[in-house]
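This report describes a structure chain by chain, then turns to the contact between the chains and to selected local features. The sequence and the structure come before the discussion.

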Amino acid sequence: MSCEHTATLVAEYFDDTLAVQQRAEHDSHRLQCLECQHALNAARAATAHLQRWREQPVPEWSRPRAAASQLPRPAARWQWWQWAPLAMSFTLALAVMANVQVGASTEGIEIRFGPAPEVAALEIEARLSAFEAQQQLALQSLTQALAEQQRADNARLMEAVIDSVVDQFGDSTARSLEQVIAYFESQRQQDLQLLRTSYQQLADSDYATIRSVEQLASLVQGGQP
Amino acid sequence: MIRAALEGSARAWDNLVRRHETQVYNFSLRLTGNPTDALDLMQDVFLGVYRNLHRFRGESQFTTWLFRIAHNKAIDMNRRRPLFSSLDSALEDGGDMLEVQAQRNTDAPEQDPLAQLEESLRNAVIMSHLSTLPLAQRLIVELKVFQSHTFEEIAELQDISANTAKTRFYAALRKLKALMEQDHVM
């Protein structure tokens with residue numbers, strides 16, 4: 001019958017780190033277990049056989065001599081100056097992104113963010129030109145729309161007039177057209193007459209005013225010695 | 001010495017290699033079974049040490065850390081070509097071990113040649129016995145018997161539990177004892 005402790009007991013016999021208490025327990029078990037005694041004796045004989053090994057001298061071989069000067073360095077703690085290149089790179093990248101410009105003038109050193117003033121003026125001018133062109137385009141478009149609207153309104157007005165005339169004079173036959181033309185002509189004559197009368201009244205009024213002023217002037221002049 | 005080697009001292013690095021090379025070479029020899037492969041493995045180990053020396057924090061002994069690298073390099077090498085593949089032929093034709101011994105005789109002529117031969121043959125038998133073990137067991141025996149690692153350290157290296165490491169160690173010793181009896185090794 002095999003002992004379940006044999007492997008552990010034999011192995012731990014060769015373990016120098018075994019606690020005194022545990023070693024005492026092993027010794028106690030071994031005194032009672034014949035199988036463990038035999039196994040341990042066999043193991044000791046095997047290790048004794050191995051320990052008869054005689055160290056062999058190292059034959060001539062090519063030692064990695066030159067490698068020592070190229071040994072990888074240990075990962076040393078980072079010093080503040082080791083961050084300097086990284087910080088410099090970061091600052092330069094930030095300066096490029098923010099378009100920082102440093103210049104010297106009579107008033108001292110000048111730091112600018114963004115483009116130079118002359119560049120800004122040119123940019124503003126270009127933007128104004130673009131805005132003007134855009135406005136002109138919009139105005140042109142609006143004018144065209146108004147003209148369209150006007151034409152549409154005129155057409156509607158004409159249709160309304162024709163409808164009115166048709167209502168007044170019947171179907172739009174050739175006779176009716178003559179009547180319409182005659183109606184427009186009579187209207188135009190009336191308008192001209194009305195306009196003439198108005199101009200005459202205005203002229204008369206002006207003449208009356210001039211005469212009054214002349215009378216007043218002659219009266220003023222006649223009153224003087 | 002480690003710090004000096006890290007700071008670029010070629011002399012410190014050379015001293016470091018020389019201090020540990022015998023231990024690493026014998027480890028490699030027991031695992032591979034022949035001096036040629038042992039030198040290859042040793043080269044891999046010290047290159048691994050060279051590349052990772054800056055990671056050594058001193059939390060464990062340098063030898064423990066060194067043999068962790070050696071352990072992993074042995075597994076890598078075994079993946080590329082099975083270790084001990086050339087042991088049989090080496091033993092049959094007198095072996096590379098005897099070549100090494102001849103070199104040793106030249107280096108230390110004062111030592112008894114017969115005693116040296118006995119040592120070489122004993123080592124060859126040990127290597128022959130070790131070669132019958134699976135690599136995982138062979139590494140456990142190596143780390144426990146020759147490098148005095150704890151079972152916890154071995155378990156961590158092999159990513160197994162300490163109890164599994166103990167069981168494998170016991171199984172390896174049983175097998176070695178059986179081989180000893182078979183070869184009448186006392």
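## Secondary structure of the chains

The model is predicted. On that basis chain A has six helices and two strands. Their order along the sequence is α-α-α-α-β-β-α-α.

Chain B has ten helices and zero strands. Read from the N terminus, the pattern of chain B is α-α-α-α-α-α-α-α-α-α.

## Burial and contact range

Chain A has 225 residues, and buried residues make up 8% of them. In chain B, which has 186 residues, 39% count as buried.

The range of the contacts can be stated for each chain. In chain A, 35% of the contacts with a separation of 6 or more are between residues 24 or more positions apart. In chain B, 61% of the contacts between residues at least 6 apart in sequence join residues at least 24 apart.

## The contact between the chains

Chain B gives 45 residues to the contact and chain A gives 36 residues. On the side of chain B that touches chain A, the elements giving two or more residues are helix H1 (2-6), H2, helix H3 (35-52), helix H6 (95-107), helix H7 (113-130), helix H8 (135-146) and helix H10 (162-182). The largest share of that side, ten residues, is from H10(B). By residue class, the side of chain B that touches chain A consists of 24 nonpolar, ten polar and eleven charged residues.

## The largest nonpolar core

In soluble globular proteins, nonpolar side chains tend to be buried together. The largest nonpolar core in this model has 51 residues, and those that touch the most other members are Val10(A), Val45(B), Ala70(B), Ile140(B), Val141(B) and Phe169(B). Helix H2 (residues 10-32) of chain B supplies the largest share of this core, eight residues.

What does Phe169(B) contact, leaving aside its neighbours within four places in sequence? The partners are Ala11(A), Ile140(B), Val141(B) and Lys144(B). Of these, Ile140(B) and Val141(B) are also among the core residues that touch the most other members.

## Helix packing in chain A

Two packed helices are described by the angle between their axes and the distance between the axes. For helix H1 (residues 6-13) and helix H3 (residues 34-50) of chain A, the axes come within 10 Å and cross at roughly 40°. H1(A) is therefore oblique to H3(A). Their crossing is right-handed.

From H1(A), the residues Thr6(A), Leu9(A), Val10(A) and Tyr13(A) meet Glu35(A), Cys36(A), Ala39(A), Leu40(A) and Ala43(A) of H3(A). The residues of this contact comprise seven nonpolar, one polar and one charged.

## Helix packing in chain B

In chain B, the axes of helix H4 (residues 62-80) and H8(B) come within 12 Å and cross at roughly 160°. H4(B) is therefore roughly antiparallel to H8(B). The crossing of H4(B) and H8(B) is right-handed.

H4(B) makes this contact through Phe67(B), His71(B), Ala74(B) and Asn78(B), and H8(B) through Leu135(B), Leu139(B) and Leu143(B). Five residues of the contact of H4(B) with H8(B) are nonpolar, two are polar and none is charged.

## Local features in chain B

Most residues other than glycine have a negative phi. Ser148(B) has a positive phi near 55°. The position of Ser148(B) is in the loop between H8 and helix H9 (151-158) of chain B. Ser148(B) counts as partly exposed because it has 13 C-beta neighbours inside 10 Å.

Asp159(B) likewise has a positive phi, near 55°. Asp159(B) is in the loop between H9 and H10 of chain B. Is Asp159(B) buried or exposed? Asp159(B) counts as exposed, because 7 C-beta neighbours lie inside 10 Å.

Ala171(B) lies in helix H10 of chain B. Ala171(B) has 16 C-beta neighbours inside 10 Å and so counts as partly exposed. The C-alpha atom of Ala171(B) is separated by 8.1 Å from that of Gln137(B), and the two residues are 34 residues apart along the chain.

How values were computed. Residues are numbered from 1 along each chain as its sequence is written. Chains are lettered from A and ligands numbered from 1 in the order in which they are written. This is a predicted model: local features need pLDDT of at least 70, side-chain atom pairs count only at pLDDT 80 or more; totals for chains, interfaces and linings use all residues. A nonpolar core is a set of buried Ala, Val, Leu, Ile, Met, Phe, Trp, Tyr and Cys residues joined through C-beta atoms within 7 Å. A residue is buried if 20 or more other C-beta atoms lie within 10 Å of its own, exposed if 12 or fewer, and partly exposed in between; C-beta atoms are placed from the backbone. Helices (H or I, at least four residues) and strands (E, at least two) are DSSP runs, numbered from the N terminus. Two residues are in contact if their C-beta atoms, placed from the backbone, lie within 7 Å. Ala, Val, Leu, Ile, Met, Phe, Trp, Tyr, Cys and Pro count as nonpolar, Asp, Glu, Lys and Arg as charged, and the others, Gly among them, as polar. Axes are lines fitted to C-alpha atoms, for helices over the stretch in contact, and angles run from 0 to 180 degrees between N-to-C directions. Angles under 35 degrees count as roughly parallel, over 145 as roughly antiparallel, 65 to 115 as roughly perpendicular and the rest as oblique. A crossing is left-handed if the near helix is turned anticlockwise from the far one by less than a right angle, and right-handed if clockwise.
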